[in-house]
Each structure stands twice: as structure tokens, then as C-alpha cells.
Amino acid sequence: MNTANRNAIPQISFEADANLVEALIDDLQNEQKALVKADLNTIEQIIDKRVSLLQALGEAAKQRYAALSAAGFEANEKGMAKWLELRYGNVMDAAWAEFQKKLAQAKELNRVNGILITKHFQRNQEKLDAIQGKSPNAMQFYGKNGQTHAGHSSRTSFAV
């Protein structure tokens with residue numbers, strides 16, 4: 001790889017990626033708050049926004065990798081680190097490290113949100129099972145004789 005080739009591709013950047021990751025972190029934090037509150041309307045809005053945000057992140061990374069490849073570097077994070085080192089020396093190390101830290105933060109937020117979603121799902125499933133009498137911990141009710149019985153009845157439907 002010659003020096004002219006390394007310096008000829010100035011459009012290699014992770015600035016767009018960094019801005020998008022910041023937006024993703026904000027989005028994930030908002031999702032987490034909505035999950036804690038069980039605010040389904042907000043969660044739906046966040047999911048719609050997330051799709052376009054992730055597509056933009058993917059496109060930014062794709063463009064960065066294509067530019068790296070055209071400059072003769074590996075089309076991955078390792079290639080980006082090498083390009084930054086050769087192009088800027090240690091000047092950009094802190095910015096790249098901060099970007100990697102933000103990516104890790106986004107991944108952790110996503111992991112925690114996944115746990116919250118799973119817990120909501122499990123709780124809802126337990127409630128449905130109890131209502132349908134499928135749960136070993138089905139809700140207990142008192143009958144006319146004062147004895148407890150499971151929360152299901154012989155009726156198959158409710159009349160309104």
C-alpha cells in the first residue's frame with residue numbers, strides 16, 4: 001500500500017457513525033424508560049424510529065468500509081483503527097476509543113432492554129395462564145363453602 005493511496009481517500013470517517021450511535025443510545029434510553037413504565041404507545045413510536053436509525057447506521061458503516069477497502073485497508077473496525085493510526089497518529093485514538101465505548105454502551109442498553117421485554121412477556125404470559133387456569137399458581141378464589149379453588153370455572157365464555 002503506497003502513501004498516496006492512503007491519503008487519497010479523505011472521506012473515510014466515523015463521524016456519521018458516531019452521531020448515529022449517539023442517537024441510538026438516546027433511543028435505547030428512552031425505550032428503557034418506556035419499558036419500565038410499560039408505556040406501549042411510546043415503545044411503538046421508538047420501534048418505528050429505530051428501524052430507520054439502524055438502517056442509517058448500517059449504511060454509514062457500509063460506506064466507511066467501502067472507503068477503507070478502496071484505500072487498501074481491511075473493511076472492518078481493525079482496518080479503521082489502522083487507517084486512523086497511519087493518517088492521524090495518536091490524535092484520533094481518543095475519538096475512536098470513545099466511539100467504541102459508545103458502541104459498547106448501546107449494546108449493553110439493548111441487552112438490558114431485551115431483558116425488560118422478556119420480563120414483561122413472562123409476566124403477561126403468567127397472567128394469561130392464570131386466567132385460563134393453565135398455571136400451577138392459578139389464582140385462588142373462595143367458593144360458597146369458604147374453601148379455595150383454582151381461578152377457572154366450567155364456563156367456557158363470558159356473556160356481556
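1. Helix α2 covers residues 15-37, and its 23 residues, at 1.5 Å a residue, should span 33 Å; the end C-alpha atoms are 33 Å apart, which agrees. The expected span is 1.5 Å times one less than the number of residues in the helix. Helices here are DSSP runs of H or I with at least four residues, strands are runs of E with at least two, and numbering starts from the N terminus.

2. This is a predicted model, in which local features need pLDDT of at least 70 and side-chain atom pairs count only at pLDDT 80 or more, while totals for chains, interfaces and linings use all residues. Residues are numbered from 1 along each chain as its sequence is written, and side-chain values use heavy atoms, with hydrogens and water left out.

3. Confidence is given as pLDDT, the predictor's confidence in each residue, from 0 to 100. The protein chain averages 80, and 78% of the residues score at least 70. Among the elements of the chain, α2 has the highest mean pLDDT (92), and helix α1 (residues 3-7) the lowest (47). Over residues 1-7 the pLDDT is below 50, and this stretch has 10 contacts in the model beyond near neighbours in sequence. Residues 152-160 are also below 50, with one contact beyond near neighbours in sequence. Where pLDDT is low, the predicted coordinates should not be read in detail.

4. The buried residues of α2 are Asp-17, Leu-20, Val-21, Leu-24, Ile-25, Asp-27, Leu-28, Glu-31, Ala-34 and Leu-35. Buried means under 20% relative accessible area, exposed over 50%, and partly exposed in between (1.4 Å probe, protein chains only). These buried residues pack against α3 (40-70) and α5 (93-131).

5. On the α3 side, Arg-50 is in helix α3 and is buried, with a relative accessible area of 11%. Leaving aside neighbours within four places in sequence, Arg-50 is in contact (heavy atoms within 4.5 Å) with Leu-24, Asp-27, Leu-28 and Glu-31. The side chain of Arg-50 also makes a polar contact with the side chain of Glu-31, at 3.2 Å. A polar contact is a pair of N or O atoms within 3.5 Å; within protein, one must be able to donate a hydrogen and the other to accept it, and residues adjacent in sequence count only if both atoms are side-chain atoms.

6. Leu-53 lies in helix α3 and is buried at 9% relative accessible area. With neighbours within four places in sequence set aside, Leu-53 is in contact with Leu-20, Ala-23, Leu-24 and Asp-27. Leu-53 and Asp-27 are 26 residues apart in sequence and 9.2 Å apart in space, C-alpha to C-alpha.

7. Ala-38 lies in the loop between α2 and α3. Ala-38 has a positive phi of about 55 degrees although it is not a glycine. Ala-38 is partly exposed, with a relative accessible area of 43%.

8. The structure holds two aromatic pairs. Trp-83 and Tyr-88 form an edge-to-face pair, 5.7 Å centre to centre with 80 degrees between the planes. Trp-83 is buried at 1%, whereas Tyr-88 is partly exposed at 34%. Trp-96 and Phe-99 form a tilted pair, 5.4 Å centre to centre with 35 degrees between the planes. Both Trp-96 and Phe-99 are buried, and they lie in helix α5, three residues apart, about one turn of the helix. Rings of Phe, Tyr and Trp (its six-membered ring) pair if their centres lie within 6.5 Å; planes under 30 degrees apart count as stacked, over 60 as edge-to-face and the rest as tilted.
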